[in-house]
Amino acid sequence: MAVNNPLPYIFTAIGSVAATVVALNYYGYMHVAKPQDALLLAEFTMLKTYEGEDYRLSLKPAEQVAQCIDGVLVLFDTKQQGLTGVLVDDKKRAVRCTQGRPQQEIR
């Protein structure tokens with residue numbers, strides 16, 4: 001069986017791929033990453049506190065609010081609505097949290 005005109009097969013293949021992409025996107029199975037998804041939200045530094053020693057903080061609050069969700073510290077930006085992220089260290093490990101008082105590790 002010889003095929004005289006391959007154009008219908010080519011258009012069918014392209015249409016099938018396009019329909020698949022549209023269907024996956026419609027049902028939420030595709031996520032197209034935006035450059036904002038990987039941006040560094042802000043730099044943070046931990047201040048070590050010592051008993052009996054004073055330290056100074058700015059009276060102006062940060063533009064981020066943190067909340068403990070499922071044991072992970074999640075940051076919400078107050079200036080850019082919808083911008084949220086997980087607080088991680090320099091090795092991309094999530095900062096854990098507890099709902100109550102932090103637990104001391106015994107060594």
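The legends below describe close-up views of a predicted model.

**View 1. The open sheet of three strands.**
The strands of this open sheet follow the order β1-β2-β3, and their pairing is antiparallel. Strands β1 (64–69) and β3 (84–86) lie at the edges, each pairing on one side only. On average, neighbouring strands of the sheet are turned by 30° against each other, direction ignored. Strand β2 is largely enclosed by the rest of the structure, because five of its six residues are buried. In a regular strand, side chains alternate between the two faces of the sheet.

**View 2. Pairing of β1 with β2.**
Strand β2 covers residues 72–77 and is joined to β1 by six bridges, the two strands running antiparallel. Among the facing pairs, V65 stands opposite F76 of β2. C68 has L73 of β2 as its bridge partner. I69 stands opposite V72, also a residue of β2. The hairpin of β1 and β2 has two residues between the strands, and D70 takes a positive phi near 55° there.

**View 3. Pairing of β2 with β3.**
Three bridges hold β2 and β3 in an antiparallel arrangement. One of the residues to look for is L75, whose bridge partner in β3 is G85. In this hairpin six residues stand between the strands, and G82 takes a positive phi near 90°. Strand β3 (84–86) is an edge strand of the sheet and pairs on one side only.

**View 4. The disulfide between C68 and C97.**
The model has one disulfide. C68 and C97 are joined with an S to S distance of 2.1 Å. C68 belongs to strand β1 and C97 to the segment after β3, so the pair ties together parts that are 29 residues apart in sequence. The torsion about the S-S bond is about 100°, so the disulfide is right-handed. Are the two cysteines buried or exposed? C68 counts as buried because its relative accessibility is 18%, under the 20% limit. C97 also has a relative accessibility of 18% and counts as buried.

**View 5. The salt bridge of E63 and K79.**
Two salt bridges are present in the structure, and one of them links E63 to K79, with the closest N and O atoms 3.2 Å apart. E63 sits in the loop between α1 and β1, while K79 sits in the loop between β2 and β3, so this contact ties together parts that are 16 residues apart in sequence. E63 is partly exposed, with a relative accessible area of 33%. K79 counts as exposed because its relative accessibility is 62%, and the limit for that class is over 50%. Side chains of opposite charge can pair when their charged atoms come close.

**View 6. The salt bridge of D89 and R93.**
Here the side chains of D89 and R93 meet at 2.7 Å, N to O, in a salt bridge.

**View 7. A nonpolar patch on the surface.**
Residues V17, V21, L24, Y26, Y27, Y29, M30 and V32 form this patch, and together they have about 920 Å² of accessible area. Among them, V17 is placed in helix α1, which spans residues 7–26. V17 is exposed because its relative accessible area is 54%, above the 50% limit.

Definitions and conventions. Residues are numbered from 1 along each chain as its sequence is written. This is a predicted model: local features need pLDDT of at least 70, side-chain atom pairs count only at pLDDT 80 or more; totals for chains, interfaces and linings use all residues. Side-chain values use heavy atoms; hydrogens and water are left out. Patches are made of residues with over 30% relative accessible area and no salt bridge: like charges are joined within 9 Å, nonpolar side chains (Val, Leu, Ile, Met, Phe, Trp, Tyr) within 5 Å. Accessible areas come from the Shrake-Rupley method with a 1.4 Å probe; for residues, only the protein chains shown count as cover. A salt bridge is a side-chain nitrogen of Lys or Arg within 4 Å of a carboxyl oxygen of Asp or Glu. Helices (H or I, at least four residues) and strands (E, at least two) are DSSP runs, numbered from the N terminus. Buried means under 20% relative accessible area, exposed over 50%, partly exposed in between (1.4 Å probe, protein chains only). Two strands pair if DSSP finds at least two bridges between them. Axes are lines fitted to C-alpha atoms, for helices over the stretch in contact, and angles run from 0 to 180 degrees between N-to-C directions. A disulfide is a pair of cysteine sulfur atoms within 2.5 Å.
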